[in-house]
Amino acid sequence: MTSYLYPLAAIISAIWFAVHLLIGGREIARPLRQSVELDPLVRDVQYLCWHFTTVSIAAMSLFFFLAYFLGQQPYAVAGTTLAAGFTLTGVGLVSAIGQSHRKAPQGWLFAPITLLGLWGLLANG
């Protein structure tokens, strides 16, 4: 069973990467970039952060694939750390700013990846 934990985490990460690009690009990045209400510096930095997130989710998926195919635990540590950071930030910040998790569920999407990564790390010692 543990041999499938990292590929499963990689596949889920890749799915969220695709969702981020396709849905997030259409519903978040494009309207953000076209915004005239925001100060241009704020708008442009937020757009840059959207791309940083894109790269981070892609890296998360790659790390789990590398952990599986190369048998290198440090890649799993990196992927799990990213997933845990996304989970904690996404769940905690949404609560802290008083937003609804129904409207901003992104942090919860990374919880299964975090758990799979932790399970794999614990199982592989």
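The protein chain contains 5 helices and 0 strands. The model is a predicted one. Read from the N terminus, the order of elements is α-α-α-α-α.

The overall properties of the protein chain are set out below.

| Property of the protein chain | Value |
|---|---|
| Box filled by the C-alpha atoms, along the principal axes | roughly 50 × 25 × 20 Å |
| Share of the 125 residues that count as buried | 32% |
| Accessible surface | about 7700 Å² |
| Part of the accessible surface belonging to carbon and sulfur atoms | 70% |

Among contacts in the protein chain with a separation of 6 or more, 64% are accounted for by residues 24 or more positions apart.

Helix α2 spans residues 40–70 and helix α3 spans residues 73–96; the two pack at an angle of about 145°, and their axes lie 7 Å apart. The crossing in which α2 passes α3 is left-handed. On the α2 side, the residues in contact are T53, S56, I57, A59, M60, F63, F64, L66, A67 and L70, and these meet Y75, A76, A78, G79, T80, L82, A83 and F86 in α3. The residues of this contact comprise 14 nonpolar, 4 polar and no charged.

A further point of interest is H20, which is located in helix α1 (residues 5–34). H20 has a relative accessible area of 13% and is therefore buried, the cut-off being under 20%. Leaving aside residues up to four places away in sequence, H20 touches G25, W50, T53, T54 and I57. H20 and W50 are separated by 30 residues in sequence, while their C-alpha atoms are 9.2 Å apart in space.

Technical notes
Residues numbered from 1 in each chain as written. Predicted model: local features only at pLDDT ≥ 70, side-chain atom pairs only at ≥ 80, totals over all residues. Heavy atoms only, no water. Axes fitted to C-alpha atoms, helices over the stretch in contact; angles between N-to-C directions. Helix = DSSP H or I, 4+ residues; strand = E, 2+ residues; numbered from the N terminus. Left-handed = near helix turned anticlockwise from the far one by under 90°. Contact = heavy atoms within 4.5 Å. Nonpolar A, V, L, I, M, F, W, Y, C, P; charged D, E, K, R; others polar. Buried < 20%, exposed > 50% of the residue type's maximum accessible area, 1.4 Å probe, protein only. Areas by Shrake-Rupley, 256 points an atom, 1.4 Å probe, with all protein chains shown as cover.
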